[in-house]
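Hi everyone, thanks for coming. Let's have a look at the model together before I talk you through it.

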Amino acid sequence: MESLITFKDVSRNYYENKKLLVGIDDISFEVYPYQILSILGPSGCGKTTILRLICNILEPTKGDIFYQDKNISYARKKGLIGLVPQEPTLLPHRTVEANITLPLEIRKIKNKEAVHRLIDLVGLKEFEKFYPHQLSGGMKQRVSIARALVYEPKVLLMDEPFASLDEIIRENLNMELINIQRRLKQTIIFVTHNIEEAAFISDRIIVMSTRPGRITGEIKVDLSQDRNQELRNSQEFFQVVKQIRQLLEKSYD
Amino acid sequence: MIKKIVTSILIFIILLVVWQIAEDRVNVHRLENNQTALGAFIPAPLTIVKTFSNDWQNISRELGHTLKKAGLGFVIGVVFAILIASIFLFLPFIRNLVFPLAFAINSFPIVGFAPAIVLIFGQGSFVSIVFISVLICYFPTLISMDTAFRETDKSLLELMEVLNASKWQTLFKIQLPLAMPYLFLSMKLAIPASIIGATIGEWLGARNGIGQLITIALYQLKPGLLYASLISITIVSTLSILVLSTTQYFLFPWKRGGKNEKG
């Protein structure tokens with residue numbers, strides 16, 4: 001399969017208290033189209049750094065990042081990348097509807113239909129005119145996802161989007177995310193530190209170690225494409241979780 | 001809410017009544033001893049009310065003149081401050097150069113600085129009075145807009161960057177709307193300031209305005225008129241702030257209600 005995003009020997013250093021630290025070190029991997037790729041690792045392993053590099057709001061210290069065969073900056077300029085940050089970061093002065101319209105406004109596109117379709121998709125139909133401070137945490141995160149999807153980016157980056165939500169809501173949103181991904185044929189890069197979450201939603205998982213951030217290993221998830229809640233209790237699922245756990249434990253050595 | 005308002009009005013009325021009775025008593029005493037009535041220095045509430053009804057046309061006309069100048073000064077001051085704050089945002093090196101100067105100008109005592117301006121633009125001239133008003137009211141707006149711009153949520157700015165938004169789009173869609181509550185707060189400070197500025201300008205010699213009326217009242221020993229002038233200014237300031245607060249309530253529904261109502 002042709003790679004959509006390619007990291008080639010990428011390092012990124014940063015300074016903290018004037019001390020040079022290695023954020024991620026010599027990382028190479030591919031992201032394939034129409035797949036969900038999870039990046040799993042302990043906090044501080046550079047997962048977020050990787051997303052920021054893809055968003056092109058950080059430049060690598062060393063190495064190259066490609067979108068197909070072009071530099072990654074092309075992808076941002078063409079609006080091919082969507083980001084769902086860890087916190088929903090909604091505009092407090094805009095309603096749900098107006099928040100989701102924002103990316104279209106910036107591109108000077110009028111497409112009310114797309115906005116309403118997405119509001120439907122994330123299940124916020126009755127909350128269109130609500131302001132962020134009137135929504136619960138899970139609802140805010142749905143708005144954030146709808147906003148990232150509204151301009152139909154080829155690649156969706158998600159930075160621990162469900163980390164602050166409770167378990168059941170997280171599982172429901174996992175399910176919804178998979179449904180959306182299948183329907184819109186999205187490529188998703190999903191950062192998480194939750195093993196079960198990674199196992200449930202991913203086609204592939206990259207496990208990282210910390211300080212410096214390096215890739216410990218990669219897992220191909222061989223679960224059925226039709227993921228549903230029953231899967232969480234199945235033997236195969238436990239197998240995958242176990243496999244991930246073993247790899248992740250190595251990251252801490 | 002209504003209970004609060006009623007209470008404060010009641011306290012106010014009680015104060016006035018006590019004032020009136022006290023002054024009447026003291027006056028009886030002073031006149032018996034062949035002293036000047038206290039009313040020559042501090043008018044009693046009823047005297048002020050009487051002055052208001054007698055000199056209403058006079059006061060309202062002069063108040064109109066002052067408000068024209070103060071209003072213009074306020075608008076120029078606020079617009080100017082927003083522009084400067086926006087320039088600071090886009091060109092931080094200018095901010096570093098200009099901000100100390102803005103602070104310095106603000107720390108000039110206005111009663112000393114006002115004559116300097118009068119010297120430049122002419123005594124009692126419309127321009128000099130508006131200028132003094134601008135000078136005294138731009139600062140709160142500049143400070144609060146600058147603070148609002150600098151404290152804009154970094155993650156929102158990053159979001160705009162990811163969405164490939166231009167600097168203008170970020171300004172108009174994020175920074176300005178989020179700064180609006182700050183702007184309204186500063187305008188509430190700037191309204192009385194602009195009226196004070198205009199009054200000081202007139203006070204230094206003008207053909208009309210409340211400032212001039214105060215001077216006349218002082219020289220003609222009419223404390224009733226003096227107090228009535230001051231009170232008329234207070235009423236206008238308070239009403240303007242009330243209008244602003246109401247506008248703010250309807251303009252920013254997203255600021256209504258507590259942030260932590262839902263988890």
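A word on the ground rules. This is a predicted model, where local features need pLDDT of at least 70 and side-chain atom pairs count only at pLDDT 80 or more, while totals for chains, interfaces and linings use all residues. Residues are numbered from 1 along each chain as its sequence is written, chains are lettered from A and ligands numbered from 1 in the order in which they are written, and side-chain values use heavy atoms, with hydrogens and water left out.

Back to A:Met158. Together with B:Leu142, A:Met158 has the most contacts inside the largest nonpolar core, which has 96 residues. By nonpolar core I mean buried Ala, Val, Leu, Ile, Met, Phe, Trp, Tyr and Cys residues joined through side-chain atoms within 4.5 Å, with buried being under 20% relative accessible area, using a 1.4 Å probe and protein chains only.

Now, where the chains meet. Chain A brings 26 residues to the contact and chain B brings 22 residues. About 2,200 Å² is buried between them, and carbon and sulfur atoms give 62% of that; this is accessible area (1.4 Å probe) lost on being put together, summed over both parts. On the chain A side, A:His93, A:Ile106 and A:His133 lose the most area to chain B.

Finally, there are 2 salt bridges between the chains, each a side-chain nitrogen of Lys or Arg within 4 Å of a carboxyl oxygen of Asp or Glu. B:Glu158 forms one with A:Arg52, with the closest N and O atoms 3.0 Å apart.

Technical notes. Buried < 20%, exposed > 50% of the residue type's maximum accessible area, 1.4 Å probe, protein only. Contact = heavy atoms within 4.5 Å. Buried area = accessible area lost by both parts, 1.4 Å probe.
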